[in-house]
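Please look at the model shown below before reading on.

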Amino acid sequence: MRLNLLRRLPRAWRRPLAVCGGLVAAGWLVVVLAAPLLAPHDPLAQDLPRLASPGAGHWFGTDELGRDVLSRVLYGARMSIPLALLLVTLSLLIGGLLGACAGFFGRWVDETVMRVADLVFAFPTVILAMVVAAALGASLENAVLAVLVVAWPSYARVTRGLVMGLRNREFVLSGRLLGFSAWHSLRVDVLPNVLGPLLVLATLDIGTATLLLSGLSFLGLGAKPPTAEWGAMVASGTQQFDMWWMGVFPGLAILTVVLAFNFLGDALRDALDPSTARTIGAEKERVA
Amino acid sequence: MSPRSAASEATGGRLRPPARGPRAGLLRRHPLARFLLRRTLTAALLALGVTLVTFVLTNLVPGDPAAANLGQRAIGDPAIVAQFRHQHGLDKPLPVQYATYLGNLFHGDLGESQQSHQPVLTDLGTAVPATLELAGAAIVVSLVVGVAFGVVAALRRDRFTDQLLRVVSLLGVSVPTFWLALLAFYLFFYKFGIAPGSGRIAPEFAPPPDVTGLYTVDAALAGQWPVFWSAVGHLMLPALVLTAYTVGLLTRFTRSAVLEVLGQDYVRAARAKGLPGRTVLFHYVLRAALVPVITVAGLAFGALLSGTVLVESIFAWPGLGAYAYRSATTLDLPAVMGVGLVVGIVYLTVNLAVDVLYGLIDPRVRVQ
């Protein structure tokens, strides 16, 4: 009521946290694109004084090999963020497709997909991802694969639940009665109705994927040493933990990226989630 | 149509005892026994599935356990490699290996770790209590703090407190655990010197006599109070680091669960008939809101086990996470399988406990 202009903005953007998250996320995307222009030094060059504390020359200090930490943090964004986006897209596609099939066809398709998902859920994510990554051999590609293995089931579960709710609704049934094939019906009638919640899940998952991936690198199961990767940088920070800047800054980078996407996802969920919307409705009713 | 009627219809149809007879009669009279029996059987099947998945995962991969466990020089010698493979049964076909493993499993034999040269069961016997102590302390703290935060946030919806708690909980789920552990260790141990160093107790103490494997409990049982306080001190920092994620998670879920219940008619009715706010909150709102929260607490326990892998490596905590890491990176197959089995069993037990708790808290979901 107070600010009519604000009311015209989409719900999600009326929240300061969402705006905050959006700005930070956009900032990091700029860093991903423009890291070579922004970084003051070559992230791999070892020609600086070693273990210099943060100061005018090196805002974030230098590491044990004389590399500029700021430059490495900026270049690290080119690892973590595109990989997290790729991961979320892939698990959305795989999990979404499997879940949609499970929910739509039911019977043995449902049983098979969901029991496999249950098995994956029975493992704590980091431990399963760690076993997969270790078994495949430590490399960034295998770490991505490992995270994919643990990430798809949540999409499958959500999609299945939504599709099962939609499967017998009148508009879907009437489509089938008109002769739509299962595939066509899934695409035309079901898909548009599940996209919203999946998008929320995916946004929140970008943060989770970033955390998992950097966690694997921290354990030495991801990016190989010279690469500037945030998790690996924190790991080398633990080796020299009195040189706080080596671990603190890459960790802060992870934190801000994850936080930004979580702020965004949280606001999106509030805007899209019908159950919260219902309570909002009830609340308003009571006030009135 | 209420969810209750739908649920009872569904379970009523499926759960009807198959035949008359003494056994069916017993099960009919004890729905909880029947429920537990069914769930335990499902859990056993899932645990079997867990061993199969671990087995397939660790075998269908390019990594070679011989290469991971033998030194550089030994690898060059085909005789030593062959002997290693023979000794650990790696030269047999995979189905035979799995069958052998399962056969031994039923005798309580989990095989021998290729790294520690001890039975995996012995290794797990020391690692599991260490982790349970850590994760147990963390889940208790998280439940108390998380639920309290969530309730306060819901009651103060959209006010400043709610916004503040939202930021706190999002920070909690966003912070990388391994980084928080490093930061906490640096600040409280290195910089301020108020936290004890790594490990489970101070090096000058011997571990308390082994009863439960939980150092705090064992020390208290033996009346060794200095050891007890040392164990508590060592437990505090890693446990608090672990709580960050779960507190965030539980706060968010409690908030939305409480909000959902606050909008229900029966809450409005309770208010309308003039019940005091506290009665409405504890007897009407919280009781219903805790059901989804309990589910999430089960999930949170799994997340805690994940967190221990990262936290244990920084605090040199000799638990399951550290053991899992060591055995996964060296492709120590029996040890990895053992970890998988334990973790699977813990997860299934927690879920079973969650389902039983449901019925205790909310009579609406009690098995018919």
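This is a predicted model: local features need pLDDT of at least 70, side-chain atom pairs count only at pLDDT 80 or more; totals for chains, interfaces and linings use all residues.

Residues are numbered from 1 along each chain as its sequence is written, chains are lettered from A in the order in which they are written, and side-chain values use heavy atoms, without hydrogens and water.

The contact (heavy atoms within 4.5 Å) draws 53 residues from chain A and 52 residues from chain B. Between them, the two chains bury about 4600 Å², buried area being the accessible area (1.4 Å probe) that two parts lose on being put together, summed over both. Of this area, 74% lies on carbon and sulfur atoms. Two salt bridges are counted between chain B and chain A, a salt bridge being a side-chain nitrogen of Lys or Arg within 4 Å of a carboxyl oxygen of Asp or Glu. D266(A) and R252(B) form a salt bridge through their side chains, at 3.8 Å from N to O.

The structure also holds seven cavities of 30 Å³ or more. A cavity is a set of points on a 1 Å grid over the protein atoms alone where a 1.4 Å probe fits but cannot get out; lining residues have an atom within 4 Å of a point. A volume is the space filled by probe spheres set on the points, and the largest cavity has about 70 Å³. Its lining includes W244(A) and W179(B).

Key:
On a 1 Å grid over the protein atoms alone, a cavity is a set of points where a 1.4 Å probe fits but cannot get out, and a pocket is an open set with protein on both sides within 12 Å along at least five of seven lines; lining residues have an atom within 4 Å of a point.
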